Amino acid sequence: MAPATAWVPLAPQQNSISRTTRLNGEMTLDGMEIRGPITPLGNNILVKVKDTLTASSGGILLPDQAKERPTEGLVVTAGPGKLHPYTGVRITNPIKEGVSVLYGKFDGRPVEYNGDECQMIRDDDVLLYYTGVTMKLDSVVPVRDYVLIELDEKLGKDQLQTSSGVVIAQQVMKGANPCEGIVAKVGEGRLASLGNFSKPPVKVGDSVKFKDYAGNEVMIEGKQYTLVKMVNILSTMKKPKDAEE
């Protein structure tokens with residue numbers, strides 16, 4: 001992503017980093033002084049990366065190799081949204097300054113803005129956003145066609161039992177990610193070329209099965225969830241009788 005296509009320095013404006021730095025009389029981008037705050041273009045978003053400790057307490061489940069690269073951050077400023085390449089319709093950016101976001105660990109481009117570690121990402125990279133210090137179920141919002149699914153607790157027990165009654169040790173199933181759960185939150189829907197959203201195929205409370213390895217796991221208030229795109233949800237399922245009781 002070329003810097004010129006992602007942002008431009010404009011006259012000073014209010015944002016969560018520039019208010020502090022302006023007192024020092026200068027602003028910097030990748031160690032070089034600039035005339036004023038940067039303004040992302042299109043659907044680009046400037047995110048101040050939260051440190052590993054903050055991100056972990058915020059609820060992200062980080063694999064060992066990713067502990068040095070947290071994927072949770074605070075939005076410093078965001079562009080208005082991209083133009084659809086065929087219709088020319090402005091696709092409004094759902095992410096605004098001041099909210100916290102969860103995004104893919106390999107998404108975006110790292111930048112140093114006013115001495116802070118930041119990441120320039122796109123609205124398409126964002127899985128969910130929320131307000132407040134940490135993620136809470138009431139405040140998280142899946143972006144567009146993402147669905148937040150509470151994973152089946154039975155799959156997290158020390159032992160798993162197959163339909164034929166064979167018990168499998170959890171260590172054997174270490175690489176098998178759960179792919180069933182209950183829908184907890186639903187995004188607006190899949191975005192169409194005219195900027196409208198298609199109706200979500202599932203609703204809160206539905207029991208669903210989704211593609212293997214299609215989810216992005218996250219811990220919220222002590223419970224394990226996963227974020228899955230609507231297109232990767234395979235089916236809805238009836239709840240077992242014992243669950244209904």
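Here are a few notes on this structure, going from the whole chain to some single residues.

1. First, what you're looking at: a predicted model, where local features need pLDDT of at least 70, side-chain atom pairs count only at pLDDT 80 or more, and totals for chains, interfaces and linings use all residues. Residues are numbered from 1 along each chain as its sequence is written, and side-chain values use heavy atoms, with hydrogens and water left out.

2. The protein chain has four helices and 21 strands. Both are DSSP runs numbered from the N terminus: helices are H or I with at least four residues, strands are E with at least two.

3. Of the chain's 245 residues, 38% count as buried, meaning under 20% relative accessible area with a 1.4 Å probe, protein chains only.

4. Now contacts, meaning heavy atoms within 4.5 Å. Taking those between residues at least 6 apart in sequence, 69% join residues at least 24 apart.

5. Have a look at Asp145, in the loop between strand 13 (141-142) and strand 14 (146-151). Asp145 counts as buried because its relative accessibility is 13%. Leaving out residues up to four places away in sequence, Asp145 touches Gly189, Arg190, Val228, Lys229 and Met230.

6. What about the cysteines? Cys118 is buried, at 0% relative accessible area, and Cys179 counts as buried at 12%. The structure holds zero disulfides, a disulfide being a pair of cysteine sulfur atoms within 2.5 Å.

Terms used:
Buried < 20%, exposed > 50% of the residue type's maximum accessible area, 1.4 Å probe, protein only.
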